[in-house]
Amino acid sequence: MSSVSTHSPWHRPPETPWRKTTRFFGDVLIPHLIKLGIWAWVAFNLGLLLWVLMTSVKSTRDILLGPFALPTHIEWANYVTAWDTAGFGQATLTTLAFVFASLVIVMGISVPAAYGLARRTDRTASTLTAYFAMGLALPMQTVLIPYFVVNNGVGQFMIDWVTGVWDPRIGLVVFYSATATPWTVFVLTAFFRSLPASLEEAAQLDGASPWLTFRKIMLPVARGPVTTIAIITGIGAWNETLLVLFLVPDGAQRTLPAALLNMYYGLQYTSNWGALFAGVVLLVGPIVAVFLWLGRRVIEGATLGANK
């Protein structure tokens, strides 16, 4: 004879004033305040960008009399002054070459290294990953003096014993790549570890070598995150200023941010604020355009994984 157990139906606990208050704060008020704060931050940044654009085509008189007023007439000559005074032509070429060389070195090292560390299970891989993570906590200011000494020493050695000439921008590329690599390796290692091992097992069954598996299967799967990391690294190289000021003594060989800083020191005595804001637009404009073009890919690449 089987016994049948009966269960009483579940009843929602009564809504106490405390539960109503906590639900209101957690489900309604706090999410709305967060959304409001985000939109306020977006509006502030958009307003700041529009103000910089507007000020870049105003005369110094209009800026001083009405900083937030519309320009009485458009001063396109501000951009010509900024371009000629700061030497933005040469600085742009230097910046593009610096960004390209840094991306080639950083991504060429980081992607294979991250894949190798993610697929190794021995203690050495864990130790190396920990060392890369430690590199993230190393402030730039702590290595500026060693970088400066090494760069000068290598440059003097090359001049005296090898080539007779030396470009300090070579050291800039090397040292920036050294500071950017730990972050890229750390992030990509975490992504490669999230990929299923069945992808590689299927490739091995088809007779693919480890290098072919990485190049034909794993790298296309990781295209989104790799693109995201490359864009962020490129933006960081474009905006790099501190290393440039320390390692490149010649102002004519410096990148755009350092050229803009030199321009500020020169124009502050002539009070040509319109040309200074035009220089800011020339520096920031390409980055804003790139992010507007590739912003969706950056967001998608940060969350993209393999289809299981």
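**First stop: Met-107**

Start by selecting Met-107, which sits in helix 4; helices here are DSSP runs of H or I with at least four residues, strands are runs of E with at least two, and both are numbered from the N terminus. Before you click further, know that this is a predicted model, where local features need pLDDT of at least 70, side-chain atom pairs count only at pLDDT 80 or more, and totals for chains, interfaces and linings use all residues. Residues are numbered from 1 along each chain as its sequence is written, and side-chain values use heavy atoms, with hydrogens and water left out.

Is Met-107 buried or exposed? Its relative accessibility is 13%, so Met-107 counts as buried. The cut-offs are these: buried is under 20% relative accessible area, exposed is over 50%, and partly exposed is in between, using a 1.4 Å probe and protein chains only.

Now show what surrounds Met-107. Setting aside neighbours within four places in sequence, Met-107 is in contact with Pro-112, Leu-188, Val-226, Ile-229 and Ala-230, contact meaning heavy atoms within 4.5 Å.

**Along helix 10**

Select residues 223–239 next, and you have helix 10. Its 17 residues reach 24 Å from first C-alpha to last, close to the 24 Å expected at 1.5 Å a residue; the expected span is 1.5 Å times one less than the number of residues. Colour by burial and look for the buried positions in helix 10, among them Gly-224, Pro-225, Val-226, Ile-229, Gly-234 and Trp-238.

**The ring cluster**

Which residues do ring pairs link into a cluster? Select Tyr-115, Phe-191, Phe-192, Trp-211 and Phe-214, and you have it. Rings of Phe, Tyr and Trp (its six-membered ring) pair if their centres lie within 6.5 Å; planes under 30 degrees apart are stacked, over 60 edge-to-face, and the rest tilted. That rule gives 12 aromatic pairs.

Zoom in on Tyr-115 and Phe-192: with ring centres 5.5 Å apart and planes at 75°, the pair is edge-to-face. This pair links distant parts of the chain, with Tyr-115 in helix 4 (residues 88–119) and Phe-192 in helix 7, 77 residues apart. Phe-192 is buried at 0% relative accessibility, and Tyr-115 is buried at 14%.

Tyr-115 and Phe-214 make a tilted pair, 5.0 Å centre to centre with 35° between the planes. Tyr-115 lies in helix 4 and Phe-214 in helix 9 (residues 210–221), so this pair ties together parts that are 99 residues apart in sequence. Both Tyr-115 and Phe-214 are buried.

Pick Thr-189 in helix 7 (residues 168–194). Thr-189 is buried, with a relative accessible area of 2%. Beyond its neighbours within four places in sequence, look for its contacts with Ala-114, Leu-117 and Ala-118.

Then jump to Ile-217 in helix 9, which is partly exposed at 26% relative accessible area. Leaving out neighbours within four places in sequence, Ile-217 is in contact with Leu-199, Ala-203 and Leu-212. Ile-217 and Ala-203 are 14 residues apart in sequence, and their C-alpha atoms are 8.1 Å apart.

**A salt bridge**

Select Arg-169 and Asp-167 and show the side chains. They meet in a salt bridge, 2.7 Å from N to O. The rule asks for a side-chain nitrogen of Lys or Arg within 4 Å of a carboxyl oxygen of Asp or Glu, and by it the count comes to one. Arg-169 is partly exposed at 21% relative accessibility, and so is Asp-167 at 24%.

**Zoom out**

Finally, show everything. The protein has 13 helices and zero strands. Buried residues make up 33% of its 308 residues. Among contacts between residues at least 6 apart in sequence, 71% join residues at least 24 apart.
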